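With the model open in a viewer, please follow the stops below in turn, selecting each group of residues as it is named.

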Amino acid sequence: MNFNIPRFKVIVSRWRAHQPKGFFDNPTIPHSAQSDGTGRTTKAVRRFKIDSREIQTHLSRLTPPPRLGARGVPDKLRSVNWYLFDYGMVISQPPTAADWEALAEASGFAAEPESSAYWQHRRGYDAGELSTEQYWQRVLGRSVSSGQLAQLHALDVRAWSHLNGETLDVLEAIDSTGAGLALLSNMPVELAKDLGASSVWPRFFSKLYFSGQLGLVKPDAQIYQHVLDDLAVPAAQVTFIDDRQENLDAAAALGFNTVLHTPETDLAVELKLSS
């Protein structure tokens, strides 16, 4: 059976040579990329390759916009040691209607509603309790061929690969000050590996925490305590940015500073990077 996989672009930043701190060196999240001699790279995703020109992502500017860079290092950055960012709906934008339609066509189910099987089994996938194959078997309610599994996983990667340019500008501004940047995301290991291997966002972070590796899922208090123990700082010196209030409430209960990120949020203003 042949599957027609929608083509989508990847633009790899020239910063790609700078390996993200602590991500690609992690033996539990391997990656592979190779040049084909034409100046582009290809990356294996199970049984087929994704061309580095085929997932279109935001290419972060090398310097922050004037409104983020003109004020110097804000007092808040001097007093807060770490900024902890969520990935989905903060660094990434929501999947598009076309993404959901492609998943629905490939799987035969509606993925978008929160009541769908896509979301019903997502927590177990995020927690590392289910492999990619087991997850899609549960979603579809049947066995999945290796070809269809590769297709569904690639479409899932694409759905979460649309980056928020304004957030990347904020990361650039914070990174230029030397303040600590870490990421805490509910994300399966394979999805984290493939999203990070084809994009620019991992280079900003000194620490990357994924639920699939830790076996813990936000808003479990243990995942926040793990972050604090690893960073070796008190919670009052960490500002956590997430799109879900329940995740923020759990972090705030431990003493984190928190910022709710919505589509209307001006993150530069919320973090006192811009007036």
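**Stop one: the largest pocket**

By class, the residues lining the largest pocket comprise 13 nonpolar, 4 polar and 11 charged, where Ala, Val, Leu, Ile, Met, Phe, Trp, Tyr, Cys and Pro count as nonpolar, Asp, Glu, Lys and Arg as charged, and the others, Gly among them, as polar. This is a predicted model, in which local features need pLDDT of at least 70 and side-chain atom pairs count only at pLDDT 80 or more, while totals for chains, interfaces and linings use all residues. Residues are numbered from 1 along each chain as its sequence is written, and side-chain values use heavy atoms, with hydrogens and water left out.

Select W119, D126, W160, N186 and R244, which lie nearest the centre of this pocket among its 28 lining residues. A pocket here is an open set of points on a 1 Å grid over the protein atoms alone, where a 1.4 Å probe fits, with protein on both sides within 12 Å along at least five of seven lines, and lining residues have an atom within 4 Å of a point. About 770 Å³ of space lies in it, a volume being the space filled by probe spheres set on the points, which are joined across faces, edges and corners.

Next colour α5 (122–126), α9 (189–197) and α12 (245–253), each of which supplies at least two residues of the lining; α5 gives the most, with 3 residues. Helices (H or I, at least four residues) and strands (E, at least two) are DSSP runs, numbered from the N terminus.

**Stop two: the sheet**

Now show the open sheet of 5 strands, ordered β6-β5-β4-β7-β8 with parallel pairing, where two strands pair if DSSP finds at least two bridges between them. β6 (207–210) and β8 (257–260) are at the edges with a single partner strand each, so one side of each is left without a neighbour in the sheet.

Zoom in on β4 (residues 82–85) and β7 (residues 238–242), which run parallel and are joined by 4 bridges; F85 has I241 in β7 as its bridge partner. Helix α8 (residues 165–177) packs on the sheet, touching β4 and β5 (180–185), and its direction makes about 160° with that of β4. Angles run from 0 to 180 degrees between N-to-C directions, with axes fitted as lines to C-alpha atoms, for helices over the stretch in contact.

**Stop three: a helix pair**

Finally, select α6 (residues 132–140) and α7 (residues 146–159), which pack at an angle of about 95° with their axes 10 Å apart. That makes α6 roughly perpendicular to α7, a term covering 65 to 115 degrees. Show T132, E133, W136 and L140 in α6, which meet Q148, L149, L152, H153 and D156 in α7, contact meaning heavy atoms within 4.5 Å.

Conventions: Parallel < 35°, antiparallel > 145°, perpendicular 65-115°, else oblique.
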